[in-house]
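Trainee: Could you take me through this structure one feature at a time, with the general idea before the case?

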Amino acid sequence: MAANKNTRVAMLVGLVVAGMIGLAYAAVPLYNLFCKVTGYGGTTQVAEVASGAVLDREMDVRFNASVHRDMPWDFKPVQVHQKLKIGEQAIAHYEAYNPTNKPIVGTATYNVTPHKAGEYFAKIDCFCFTEQVLEPGERVDMPVVYFIDPLIAEDPNLDDVSEVTLSYTFFVMEDETARVQAEQSR
């Protein structure tokens, strides 16, 4: 009888441990999905086209750029800020330069501050949607086509927001950089 009880307890503990391991692996993808759906943490939205409605309310959009300590690129916004009406489609430009003697593959992460405005910041096209390959000495223009969703005007928590900052950080894609170098040496 005691052996049967111990077996049940061991199985229950094993199930709990397996469940916890499964949740640990699922936590990051689930969190990323949650952020994309809700705009939590300044995650922006992706749109096919601008909303069509343009409001009289203006917003000042500031641009920020940085690179991870392992990324040797020079990366900066071409303009520091843009003023636009809510719902109006705009384009901003960033510039990246690879000063090294080897091709480098990079990927950009992004966010919007204040975080509560992230769900209303929509990108139609962005260099951050795909990995970027810069050849040695290459300098490229990286546009972002965006708008601020007019639904922001219906959110009373954002009545005080007149400025948002779009920030990008570029990271080296180590495995991809090695792959590009191997393909070029063939």
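Predicted model: local features only at pLDDT ≥ 70, side-chain atom pairs only at ≥ 80, totals over all residues.

Trainee: How are the rings of Phe-127 and Tyr-168 placed, and why is the pair called tilted?

Mentor: A pair of aromatic rings is described by the distance of the centres and the angle of the planes. Rings of Phe, Tyr and Trp (its six-membered ring) pair if their centres lie within 6.5 Å, and planes under 30 degrees apart count as stacked, over 60 as edge-to-face and the rest as tilted. By this rule there are twelve aromatic pairs. In the case of Phe-127 and Tyr-168 the centres are 4.7 Å apart and the planes stand at 45°, so the pair is tilted. This pair links distant parts of the chain, since Phe-127 is in the loop between S7 and strand S8 (132-134) and Tyr-168 is in strand S10, 41 residues apart; helices (H or I, at least four residues) and strands (E, at least two) are DSSP runs numbered from the N terminus.

Trainee: Which residues have the most contacts inside the largest nonpolar core?

Mentor: In soluble globular proteins, nonpolar side chains tend to be buried together. A nonpolar core is a set of buried Ala, Val, Leu, Ile, Met, Phe, Trp, Tyr and Cys residues joined through side-chain atoms within 4.5 Å. The largest one here has 36 residues, and those with the most contacts inside it include Phe-75, Phe-127, Val-164 and Tyr-168. Among the strands that each supply at least two residues of this core are S2 (58-67), S6 (104-113) and S10 (163-172).

Trainee: What does Val-164 contact beyond its neighbours within four places in sequence?

Mentor: Taking contact as heavy atoms within 4.5 Å, Val-164 touches, among others, Met-59, Val-61, Thr-113, Pro-114 and Ile-148.

Trainee: What kind of peptide bond joins Thr-113 and Pro-114?

Mentor: Most peptide bonds are trans. The bond between Thr-113 and Pro-114 is cis, with omega about 0°, and Pro-114 lies in the loop between S6 and S7.

Terms used. Residues numbered from 1 in each chain as written. Heavy atoms only, no water. Buried < 20%, exposed > 50% of the residue type's maximum accessible area, 1.4 Å probe, protein only.
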